[in-house]
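Hello,

I am handing over the structure we spoke about.

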Amino acid sequence: MKTIIKYVLIDLLKNRTVLAYTLVLGVLTISVAGMSDNTSKGMLSLLNITLLFVPIISHLFSTIYFFNSAEFTELLLAQPIRRKTMLLAVYAGVAIALSLAYFVGVGVPVFVLYNNLAAIALVISGMLLTLVFSALALLIFVLFKDKTKGIGAGIITALFFTLLFDGLLLAFIYSFSEYPIDKPLLGLISLNPVDLARILVLLQLDAAVMMGYSGALFKKFLGSATGSIYTTLCMLCWIIIPLITAVRIFRKKDI
């Protein structure tokens, strides 16, 4: 397993797309941090960059990489190695490489420029989002044989969680505004890892006006500490469940 992870990791760390992703994140982080004198506003801007770039780039890059590595996967399956071990090793290589890119591009500048809990929460959120959307990409890879259909499903999945989900949530709030929907909303928000990452960072910011409806809802019912633990656990579930599902399907898949 270590050999496969090492091979995939070295391959991706030399990949131009990963290097460009790291560079773009680094330039954006330093530029945004340099333009804002207010720590909360600067963190909010960096949070928006993370929520915009990380899910889409991580998901689409991972999906394309898994499909492009199909021949490598078949070659590994010809070796005396368990399918579960091989699949998780390839996932680990991709997830570690993209997490490293995010840490170098955003984490290092943020830790240098800001030294607070919100900065730690931002880096943890970004890395968890990377792991979540890489796991979803792996699930799509084992579900689809055709590369075009798989990449199409990846694009739809990324757009659903980054754009469409919040629109549906607003429609739900508007339609049932006359009813006590606060608690059901907590459950619905837990179904979107992007919203969970946003709330995890917002709970560490003192500026109540920037929390938004969902952040205020989590703070009201769970408080900052419990809310942070709850959002982190939900995001871990978003990593573990797709991985377990992907392994179970891959064990029975005819390749």
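This is a predicted model: local features need pLDDT of at least 70, side-chain atom pairs count only at pLDDT 80 or more; totals for chains, interfaces and linings use all residues.

Salt bridges first. The count comes to two. In one of them, Arg 198 pairs with Asp 166, with the closest N and O atoms 3.8 Å apart. Arg 198 sits in helix α9 (residues 193-202) and Asp 166 in helix α7 (residues 147-175), so this pair ties together parts that are 32 residues apart in sequence. Arg 198 also forms a salt bridge with Asp 195, where the closest N and O atoms are 2.4 Å apart. Asp 195 and Arg 198 are three residues apart in helix α9, about one helical turn. Through shared partners, Asp 166, Asp 195 and Arg 198 join into one network.

Next, the surface. Arg 82, Lys 84, Arg 248, Arg 251 and Lys 252 form a positive patch. Helix α10 (residues 212-252) gives the most to this patch, with three residues. Arg 251 lies in helix α10 and is partly exposed, its relative accessible area being 46%.

Last, the start of the chain. Met 1 belongs to the segment before α1 (2-13) and is partly exposed at 46% relative accessibility. Apart from neighbours within four places in sequence, Met 1 contacts Thr 85, Leu 88 and Ala 89. The C-alpha atoms of Met 1 and Phe 144 are separated by 24 Å.

Regards

Notes: Residues are numbered from 1 along each chain as its sequence is written. Side-chain values use heavy atoms; hydrogens and water are left out. Patches are made of residues with over 30% relative accessible area and no salt bridge: like charges are joined within 9 Å, nonpolar side chains (Val, Leu, Ile, Met, Phe, Trp, Tyr) within 5 Å. Accessible areas come from the Shrake-Rupley method with a 1.4 Å probe; for residues, only the protein chains shown count as cover. A salt bridge is a side-chain nitrogen of Lys or Arg within 4 Å of a carboxyl oxygen of Asp or Glu. Lys and Arg count as positive and Asp and Glu as negative; His and the chain ends are not counted. The place of a charge is taken as NZ of Lys, CZ of Arg, CG of Asp or CD of Glu. Helices (H or I, at least four residues) and strands (E, at least two) are DSSP runs, numbered from the N terminus. Buried means under 20% relative accessible area, exposed over 50%, partly exposed in between (1.4 Å probe, protein chains only). Contact means heavy atoms within 4.5 Å.
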